[in-house]
Every structure is written in C-alpha cells, then in structure tokens.
Amino acid sequence: GSAESVATITVNQFYTAAFLITDVAKLQTNSDLQRHYIEGAGYALLSAFETYAAGTLLQAATTNDVTLGTDNTVTAAKLQEGIAALMVDNAFKPGQMALALSPEAWAASVADWGALYFHHSATGNPTILTNGQIGSIMGLPIYVSDDWDGDGTTGDETATLWNKNAVGYAMQNE
C-alpha cells in the first residue's frame, strides 16, 4: 500500500483592516464607496499575509542558496542552477515550483530571459492577474513583490524558488 503524509498548518496569524466611517448611511447607500473600502481592506489584508509568507515562510526556509553574479539579476543560467539544486536535493519537478522576486530583480532579469519568459498578457488567460502571477519562465509561475530585497545588499534574498506544495495556508474567508 501507499503511505500518506499529514501536514499540519499552525494557525497563528490574524490580520485586520479597520476604517473610521463617519457617515454609515452614505456608505450603505453608495456601492462605489463600499467597493472602495472593500478593495482597500482586501489589499491591506493581502499585503500583510504576503509579507508574512515571503519573509517567514519562504525566505527564512531557504537552504539551497544560489549566489547571483550581478546584484538583482537572476539570469536564466542562475535560475537553472537553482532549479537543478531543488531537483537534485528534493526531487522536485519544475512544474511543482514557483518563483518570486523583487521588482528590481524582475526588471533586471527579463532582458536576459528572452524567449524563456512569457508575460501574463501573452498567455491569453485573463484570470492570471487575480492571483498575482505576472508571467512565467520555463513553466514556473512568477510573482513579483516588494517583500523581496531589491537594494543589492550582500546576503539579502532577492528571489526565491520553492515547491508550491511546501507552503500551505488556511483562510476563514477568501
């Protein structure tokens, strides 16, 4: 028979977004105003979660470091080096991986990636922007976030490549 593993998710993060609304009647009757507050709250909650996930879950767990040749430039060769490290050590396949990097690293790296990179607008998938994915390279979804370092300081993490199944989370309401 096959052995099944169990993953435990520790529920230890709780985020809130508060607004002071002086005229609740105006808010209740104005759907555009409601949408404004709902979008603002959603962005604030997502940002708080992303900061935690990036720093505490992903960057802190990095063990297969690849040193970049140039600050904030993840060349195709360096990306392949990182993919190979995960494939050898953990037997992950590229289809199980995702890549997140700083805006500075994304901007500096796109020119080197050439035909390996697909921007979201070239995929023909209009829903791709709802999950934060900006594109893909070698089958890896790419996420760009200011939660990765972009100032080029030695020892800081400017990009993270990880197995998508290695990080789990639970939400009360989506």
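**View 1. Leu33 in helix H2 of the predicted model.** Leu33 is partly exposed, with a relative accessible area of 24%, where buried means under 20% relative accessible area, exposed over 50%, and partly exposed in between (1.4 Å probe, protein chains only). Leu33 is found in helix H2, which covers residues 31-58; helices (H or I, at least four residues) and strands (E, at least two) are DSSP runs, numbered from the N terminus. Not counting residues up to four places away in sequence, Leu33 touches Lys26 and Leu27, contact being defined as heavy atoms within 4.5 Å. This is a predicted model, in which local features need pLDDT of at least 70 and side-chain atom pairs count only at pLDDT 80 or more, whereas totals for chains, interfaces and linings use all residues. Residues are numbered from 1 along each chain as its sequence is written, and side-chain values use heavy atoms, with hydrogens and water left out.

**View 2. The chain as a whole.** The chain has 4 helices and 5 strands, and read along the sequence these follow the pattern α-α-α-β-α-β-β-β-β. Of the 174 residues of the chain, 27% count as buried. Among contacts with a separation of 6 or more, residues 24 or more positions apart account for 65%. The chain exposes about 11400 Å², of which carbon and sulfur atoms supply 54%; accessible areas come from the Shrake-Rupley method with a 1.4 Å probe, and for residues only the protein chains shown count as cover.

**View 3. The largest nonpolar core and a second one apart from it.** A nonpolar core is a set of buried Ala, Val, Leu, Ile, Met, Phe, Trp, Tyr and Cys residues joined through side-chain atoms within 4.5 Å. In soluble globular proteins, nonpolar side chains tend to be buried together. The largest core here has 17 residues, of which Leu79, Met97, Leu99, Leu101, Trp113, Ile142 and Leu161 touch the most other members. Two or more residues each are given to this core by helix H3 (76-90), strand S1 (97-101), helix H4 (103-113), strand S3 (133-137) and strand S4, and H3 provides the largest share, 4 residues. Apart from this core lies another, of 6 residues, among them Ala54, Leu58, Ala98 and Trp148. Leaving aside neighbours within four places in sequence, Leu161 is in contact with Leu79, Gly82, Ile83, Leu86, Met97, Ala98, Leu99 and Leu140.

View 4. Asp149 lies in the loop between strand S4 (140-144) and strand S5 (159-163). A salt bridge is taken as a side-chain nitrogen of Lys or Arg within 4 Å of a carboxyl oxygen of Asp or Glu. When neighbours within four places in sequence are left aside, Asp149 is in contact with Asn72, Ser102, Asp156, Glu157 and Thr158. Although Asn72 is not a glycine, its phi is positive, at about 60 degrees.

**View 5. Met138, a residue with positive phi**. Met138 is placed in the loop between S3 and S4, and its phi is near 50 degrees, a positive value in a residue other than glycine. Met138 counts as partly exposed because its relative accessibility is 27%.

View 6. The structure holds 2 salt bridges. Arg35 counts as partly exposed, at 43% relative accessibility.

**View 7. A nonpolar patch on the surface**. Phe19, Ile21 and Val24 form this patch, with about 240 Å² of accessible area together. Patches are made of residues with over 30% relative accessible area and no salt bridge, like charges being joined within 9 Å and nonpolar side chains (Val, Leu, Ile, Met, Phe, Trp, Tyr) within 5 Å. Val24 lies in helix H1, residues 24-29, and counts as partly exposed at 47% relative accessibility.
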